[in-house]
Amino acid sequence: MKRSERVAVIGVGVVGACVGWNLSRHGAEVVFIDAGRPGEGVTNWSFSWVNASNKTARKPYFDLNVAGMAAHRELAGNIGPDSWWHPTGHLRWADDPAAETKLLETAELLAGWDYRVQMYTGAEVRSRLEPALTMPDELPVVFYPDEAWVHGRHLVGRLVGQAVASGAEIRSGNAVSDIGIGADGSIRTVTLSDGSRLDVDIVVNAAGPGASHVAGLIARHLPMRREPGVVTRIDCAQVPVHRAMHAPHIEIRPDGDASVVLHSREIDALIDTGEDPSQLARLLHESARHVVPELGNSRIAETRIVDRPIPADGFPSVGAVPSVPGYYEAVSHSGITLGPVIGQLLASEILSGKRDELLADFRPERFRS
């Protein structure tokens, strides 16, 4: 890439921040564009769990997520772990025979794929890892020691800050209203909602749930699922848990020194039934109290419902769209896990034109306009 070429990264969640940071440190001229504030959209309202244990439907997707975990460790070495990186492992257990059988089968499959798995009893978990939990002594619990959780907003702030210090530009509070195409069919300009127009050579669509709209600006159809999720933060005088966990009916993780994040797929299913978000938060809080009684003394601080950025087939859309030279997509669920590896691979593709085999199954051209 010539230094004079300018890359517009549309959407500054964790994926866009990782792409822009990788481009900037290799000499590209980057302008970050976000309709809101960097890191405060879906990135700030996800469970933010770095893993591959929940990605076993297809081996190539599992492999990509394993690479994402490795890329996080590399990133922590490059920029420092600071307050964003928490590699404390992940616990998972079930409360009915069918779910327990599935849990143990998945653990066996993962061990066969050389993924680190450790087995504990409930009593061992309480004595060695999480004394605040309530669970039967003989309950089988799976521990994935290489997994982590991430404070997404802090990570985005660190990446964008470093990129800006290296010369990148940021346009916050500005949606993209138009993408201009030249006579040769390639990217030429990006127009923002404040009326300004930027001359650019490359656009990276990392707009998360808004990615389909951005794709539409170049007459591309990017089909997306609608899968809203609700996340609640609760304030604690002292955080009683040390790592991310999937308990029956509830997901719990720390969120720094004074709060805990709660999520549940079961509660997500109530979003479209008309339940008030505050009621959803109370249901999450009640479920969490059954697992960690100390959370009964905590206070619900914030709740948000967001749409997850999931392409229609459930898998990432990452790479060039050959029909529009200069246009690239970086759209994926599990952006927290995949952001650093997508950032590495897509920046390399933009800079060198080389397509990595890790992305072979996740190319944008599988969605035909």
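Start by selecting Lys-59 and Trp-113: Lys-59 lies over the face of Trp-113, at 5.3 Å from the ring centre. A charge counts as over a ring when NZ of Lys or CZ of Arg is within 6 Å of the ring centre and within 35 degrees of the ring normal. What you have open is a predicted model, in which local features need pLDDT of at least 70 and side-chain atom pairs count only at pLDDT 80 or more, while totals for chains, interfaces and linings use all residues. Residues are numbered from 1 along each chain as its sequence is written, and side-chain values use heavy atoms, with hydrogens and water left out.

Rings of Phe, Tyr and Trp (its six-membered ring) pair if their centres lie within 6.5 Å; planes under 30 degrees apart count as stacked, over 60 as edge-to-face and the rest as tilted. Searching the whole structure gives eight aromatic pairs.

Next, colour helix H2, residues 59-79. Helices are DSSP runs of H or I with at least four residues, strands are runs of E with at least two, and both are numbered from the N terminus. The 21 residues of H2 reach 30 Å from first C-alpha to last, close to the 30 Å expected at 1.5 Å a residue; the expected span is 1.5 Å times one less than the number of residues. Buried residues of H2 include Tyr-61, Phe-62, Leu-64, His-72 and Ile-79. Here buried means under 20% relative accessible area, exposed over 50%, and partly exposed in between (1.4 Å probe, protein chains only). Step just past the helix to Gly-80, which has a positive phi of about 90°.

Now for a sheet. Select E3, E8 and E4: they make an open, antiparallel sheet in the order E3-E8-E4. Strands E3 (49-50) and E4 (85-86) stand at the edges with a single partner strand each, so one side of each is left without a neighbour in the sheet. Two strands pair if DSSP finds at least two bridges between them. E4 and E8 (residues 148-150) are joined by two bridges, and Trp-85 stands opposite Val-150 in E8.

Move on to strand E15, residues 244-247. Ala-244 and His-246 point one way, Met-245 and Ala-247 the other, and all are buried. Three bridges link E15 in parallel to strand E5 (residues 90-92), and three link E15 in antiparallel fashion to strand E16 (residues 250-254). Centre on His-246: this residue is the bridge partner of Arg-92 and also of Glu-251 in E16. In the hairpin of E15 and E16, with two residues between the strands, His-249 takes a positive phi near 75°.

For the last stop, select Arg-233 in strand E14 (residues 228-235). Is Arg-233 buried or exposed? Its relative accessibility is 7%, so Arg-233 counts as buried. The side chain of Arg-233 reaches the backbone oxygen of Asn-44 at 2.9 Å. Finally, look down on Trp-45: Arg-233 lies over the face of this ring, at 4.6 Å from the ring centre.

Methods
Polar contact = N/O pair within 3.5 Å; in protein donor to acceptor, adjacent residues only side chain to side chain.
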